[in-house]
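Please look over the sequence and the model below before reading on. The text then goes from the whole chain to single elements and residues.

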Amino acid sequence: MIDQINKGFETANIDYHIAKRSLTGWEDECGDTGFVVVYDNQCFLVLLDVLGHGKEAYNVALVAEKYLSEHYRMGLIEMMNGLHEHLKGTRGAVAALCLINLNDGGLCYAGIGNINTRVMGYKNFLLMPQEGIVGYMIRSPKERQFKLCYGDTLILTSDGVREHINFEDYPELLKRPAKKIANEMINLFGKGNDDSSCIVLRYGV
Ligand SMILES: [Mn+2]
């Protein structure tokens, strides 16, 4: 399902990769999920972490993934509200949604709960999420606007990855292709007590 919408990248000026590792090592026991899709010269991406881990979290992640893959063209606020309604009755999730204008680097962001979203490059900054649990309790989602500069790297990680990372200790890491960075984020900084996931997207390649 997700593979079918992962298209359009041939002409897009981005390099991206998603890395995931379930706590148990089984792919069908990972409660983290995400995808990237390009359409109309925009790039939508989402990283979502269902509370807990294991098979039950995985099943909720599939429900969320299906909803998002069918509604990714919605505005971010509408999408977050829709996801919230859709996940009611489940254990809930945290999620970060981003929409990038590939012409000018404009970045819309809406996040609820502890997905860590950072931009590294011309300026380094964090995109701060709102508190809440999608599917259980959220306040009105807010969308905020940022700007990616040419060469900036957007990094989203679930809370299975260490939050405080001194990238200066790894001076070569952010110079690598997205795939290498995403895999290393998990290998180097995965906590080992939860599912871990990371999306890395470099703008302007
Ligand atoms: Mn988690």
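This is a predicted model: local features need pLDDT of at least 70, side-chain atom pairs count only at pLDDT 80 or more; totals for chains, interfaces and linings use all residues.

Residues are numbered from 1 along each chain as its sequence is written, and side-chain values use heavy atoms, with hydrogens and water left out.

The chain holds four helices and 12 strands; helices (H or I, at least four residues) and strands (E, at least two) are DSSP runs, numbered from the N terminus. The chain is as compact as a globular protein of 205 residues, because its radius of gyration of 16 Å is close to the 17 Å from the globule rule. That radius is taken over C-alpha atoms, and the rule is 2.2 Å times the number of residues to the power 0.38. The C-alpha trace spans about 40 × 35 × 30 Å along its principal axes. Of the 205 residues, 51% are buried, where buried means under 20% relative accessible area, exposed over 50%, and partly exposed in between (1.4 Å probe, protein chains only). The accessible surface is about 9800 Å², with 49% of it belonging to carbon and sulfur atoms; these areas come from the Shrake-Rupley method with a 1.4 Å probe, and for residues only the protein chains shown count as cover. Among contacts (heavy atoms within 4.5 Å) between residues at least 6 apart in sequence, 71% join residues at least 24 apart.

Strand 5 covers residues 106-112, and seven of its seven residues are buried, so the strand is largely enclosed by the rest of the structure. In a regular strand the side chains alternate between the two faces of the sheet. Here Gly 106, Cys 108, Ala 110 and Ile 112 point one way, and Leu 107, Tyr 109 and Gly 111 point the other way. Which strands pair with strand 5? Strand 4 (residues 93-101) pairs with strand 5 in the antiparallel sense over six bridges, and strand 10 (residues 144-147) is joined to strand 5, also antiparallel, by four bridges. Two strands pair if DSSP finds at least two bridges between them. Cys 108 has Leu 99 opposite, whereas Tyr 109 has Arg 144 of strand 10 opposite. The hairpin of strand 4 and strand 5 has four residues between the strands, and Gly 105 there takes a positive phi near 80 degrees.

The manganese ion is coordinated by Asp 49 (OD), Asp 159 (OD) and Asp 194 (OD) at 2.1 to 2.2 Å. Donors are N, O and S atoms within 2.8 Å of the metal (3.2 Å for Na, K and Ca), and sites may look incomplete because water is not among the atoms. Along the chain the donors follow the spacing D-x109-D-x34-D. Asp 49 in strand 3 and Asp 194 in the loop between helix 4 (178-189) and strand 12 (196-203) are 145 residues apart, so this pair links distant parts of the chain. Both Asp 49 and Asp 194 are buried.

Asp 40 sits in the loop between strand 2 (32-39) and strand 3 (42-50). Asp 40 is exposed, because its relative accessible area is 59%. Its C-alpha atom is 9.8 Å from that of Arg 73, 33 residues apart along the chain. Arg 21, in strand 1 (residues 14-21), counts as partly exposed at 33% relative accessibility. Leaving aside neighbours within four places in sequence, Arg 21 is in contact with Cys 30, Ile 186, Asn 187, Gly 190, Asp 195 and Ser 196.
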